[in-house]
Amino acid sequence: MTRHFGEILQGLMENRHLTPKSVSRASGRAESTIRQLLSGRVLPSVEIVQDISHVLEVSAADLRVIAGLPDEPPRDHPAPYGAASEIGQLVAVASRLTSEELADLVEVARGYRSEGTG
């Protein structure tokens, strides 16, 4: 099952133009964990699946089924950081933008940041 999950994870990432590094950053999981999932060296846990699902734009419930895990979300599992879901969504959307659109998005984000710290 582990290798099967790694193959599906690889396909989902390729389809969304995501790298292990981008999934890692957006999910709060170590890049080495993402790479080990891809290779089948690490079993997917409910918590890991929960953390990476939003980046992959797949429901956590569907990803748990794919991973052969119980169809219950983890209890009392905090997100790696407050806006994990939104950051994952942003990474997923940004991965499909052209270079010019991505540069525009970065400028908009910097504008928000400077407004918030000013």
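Visitor: Helices here are DSSP runs of H or I with at least four residues, strands are DSSP runs of E with at least two, and both are numbered from the N terminus. Which helix do Arg110 and Glu107 lie in?

Guide: Both residues lie in helix H7, which covers residues 99-117, and they are three residues apart, about one turn of the helix. Please keep in mind that this is a predicted model, in which local features need pLDDT of at least 70 and side-chain atom pairs count only at pLDDT 80 or more, whereas totals for chains, interfaces and linings use all residues. Residues are numbered from 1 along each chain as its sequence is written, and side-chain values use heavy atoms, with hydrogens and water left out.

Visitor: OK, and how do the side chains of Arg110 and Glu107 meet?

Guide: They meet in a salt bridge, with 3.2 Å from N to O; the term stands for a side-chain nitrogen of Lys or Arg within 4 Å of a carboxyl oxygen of Asp or Glu. Arg110 is exposed at a relative accessible area of 53%, while Glu107, at 49%, is partly exposed, where buried means under 20%, exposed over 50% and partly exposed in between, using a 1.4 Å probe and protein chains only. Elsewhere, salt bridges with shared partners join Arg16, Glu57 and Arg96 into one network.

Visitor: How many salt bridges does a search of the whole structure find?

Guide: The search finds five. Among them is the one between Asp51 and Arg29, whose closest N and O atoms are 2.8 Å apart. Asp51 sits in helix H4 (residues 46-56) and Arg29 in the loop between helix H2 (20-27) and helix H3 (31-39), so this pair ties together parts that are 22 residues apart in sequence.

Visitor: Is Asp51 buried or exposed?

Guide: Asp51 counts as buried, because its relative accessibility is 4%.

Visitor: Switching topic, which residues touch the most other members of the largest nonpolar core?

Guide: Those are Phe5, Leu9, Met13, Ile52, Leu56 and Leu63, out of 20 residues in that core, a core being a set of buried Ala, Val, Leu, Ile, Met, Phe, Trp, Tyr and Cys residues joined through side-chain atoms within 4.5 Å. Two or more residues come from each of helix H1 (2-15), H2, H3, H4 and helix H5 (60-67), and H4 gives the largest share, six residues.

Visitor: And what is Leu56 in contact with, leaving aside neighbours within four places in sequence?

Guide: With those neighbours left out, Leu56 is in contact (heavy atoms within 4.5 Å) with Leu9, Leu12, Met13, Arg16, Leu18 and Leu63.
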